[in-house]
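Please open the model in your viewer and keep the selection panel at hand. The tour below moves from one selection to the next and says what can be found at each stop.

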Amino acid sequence: MTLRISEIFGPTIQGEGALIGVPTVFVRAGGCDYRCVWCDSLHAVDSAYRRDWAPMTPDAIWAEVKRLSSGQPLVVSISGGNPAIQDFGPLIALGRAEGYGFACETQGSVARDWFADLDTLVLSPKPPSSYQVVDWAAFDACLAAAGLGPQVGMKIVIFDEADYLWAREVAERYPDLPLYLQPGNPEVDPDRPVDLTAALARLEGLIDRVTADGWFRPRVLPQLHMLVWGNKRGV
Ligand SMILES: C[S@@+](CC[C@H](N)C(=O)[O-])C[C@H]1O[C@@H](n2cnc3c(N)ncnc32)[C@H](O)[C@@H]1O
Ligand SMILES: Nc1nc2[nH]cc(C(=O)O)c2c(=O)[nH]1
Ligand code: SF4
Ligand SMILES: [Mg+2]
């Protein structure tokens, strides 16, 4: 059995959401059932890049994670693309046996049994600006598959007012989920530097919006890796 892997990199810090700042190694799966217009990881989504995706066995992926982490157990972050279109159960079992933790980022469109074996599951339903349509039955199936296994959080990207109002509605639908909001980054070209002043202004705008609304539930966070390294890959 092999998995399509776009890249394995780290150690770095988790730049987003529930585990922001936590040292981690990333395993980025190739392939996605969505096509968000603003996706910052197109190299793991667009089939134009599929020749860059390596078919790897769980053992081979595991050997690389161990090499990068010098055998010190840390949190492995499985992202993509949508990792849920593949079976990461065997990889998680290998890592767990050696004391590593596992987090996964997915949009919540495909449920998997192995969600229950994670420590952290971040579900990131897509707002209107992405031009994707959320299947809420599939999203609920992801929550059910996770069960009481991992800590589950919801991370919503906000590009504009319509996204913000959508996030408020979605948040009400899931009153018990920890909620993370991050500003959308419209500059995703890996070959161009990001405008940090503009990025911080977007963060400030989102903080202002939430506080002016008296909405005290979400944590508002930047993409920390984007502030530090821009759109550079492999960090
Ligand atoms: C690249 S996705 C991969 C995992 C999964 N497909 C998903 O969307 O959750 C990881 C995270 O990056 C966020 N993201 C993608 N493009 C972004 C952008 N241009 N600005 C801000 N966040 C973005 C996604 O919403 C998601 O929370
Ligand atoms: N440092 C770092 N943190 C991240 N959090 C989510 C990422 C992703 O692209 O899925 C990501 C990433 O690519 N790098
Ligand atoms: S679901 Fe995630 S990886 Fe797929 S296109 Fe959207 S942001 Fe990119
Ligand atoms: Mg990213």
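Begin by selecting Arg202, which is found in helix α5 (residues 196–212), where helices (H or I, at least four residues) and strands (E, at least two) are DSSP runs numbered from the N terminus. This is a predicted model, in which local features need pLDDT of at least 70 and side-chain atom pairs count only at pLDDT 80 or more, while totals for chains, interfaces and linings use all residues. Residues are numbered from 1 along each chain as its sequence is written, and chains are lettered from A and ligands numbered from 1 in the order in which they are written.

Arg202 is partly exposed, because 18 other C-beta atoms lie within 10 Å; a residue is called buried if 20 or more other C-beta atoms lie within 10 Å of its own, exposed if 12 or fewer, and partly exposed in between, with C-beta atoms placed from the backbone.

**The whole chain**

Now zoom out to the chain, which has 6 helices and 9 strands. Its radius of gyration is 17 Å, close to the 18 Å that the globule rule gives for 235 residues, so the chain is as compact as a globular protein of that length; this radius is taken over C-alpha atoms, and the rule is 2.2 Å times the number of residues to the power 0.38. Along its principal axes the C-alpha trace spans about 50 × 40 × 35 Å, and 37% of the 235 residues count as buried. Among contacts between residues at least 6 apart in sequence, 73% join residues at least 24 apart, a contact being two residues whose C-beta atoms, placed from the backbone, lie within 7 Å.

Next select β2 (23–29), which is mostly covered, since 6 of its 7 residues are buried. On one side of the pairing list, β1 (residues 3–13) runs antiparallel to β2 over 6 bridges, and Glu7 has Arg28 in β2 as its bridge partner; two strands pair if DSSP finds at least two bridges between them. β2 also pairs with β4, here in the parallel sense and over 5 bridges, with Val25 bridged to Val76 in β4.

Move on to β4 (75–79), where 5 of the 5 residues are buried, so that this strand is largely enclosed by the rest of the structure. In a regular strand the side chains alternate between the two faces of the sheet. In β4, Val75, Ser77 and Ser79 point one way and Val76 and Ile78 the other way, and all are buried. β4 pairs in the parallel sense with β5 over 4 bridges, and Val75 stands opposite Gly101 in β5.

**Annotated positions**

Asp40 lies in the loop between β2 and β3 (54–56) and is partly exposed, with 19 other C-beta atoms within 10 Å. Leaving aside neighbours within four places in sequence, Asp40 is in contact with Asn185, Val188 and Asn231. Ser41 lies in the loop between β2 and β3, but Ser41 is buried, with 20 other C-beta atoms within 10 Å. Gly81, in the loop between β4 and α2 (89–96), is buried, with 28 other C-beta atoms within 10 Å, and its contacts beyond four places in sequence include Arg28, Cys32 and Ser41.

**The ligands**

Finally, select ligand 1, which 20 residues surround, the closest being Asp40, Ser41, Glu105, Ser124 and Asn185; a residue is near a molecule if its C-beta atom, placed from the backbone, lies within 6 Å of it. The elements giving two or more residues to this shell are β5 (101–106) and β7 (151–158).

Around ligand 2, the residues include Phe26, Ser41, Ser79 and Glu105, and around ligand 3 they include Cys39, Ser41 and Gly81.
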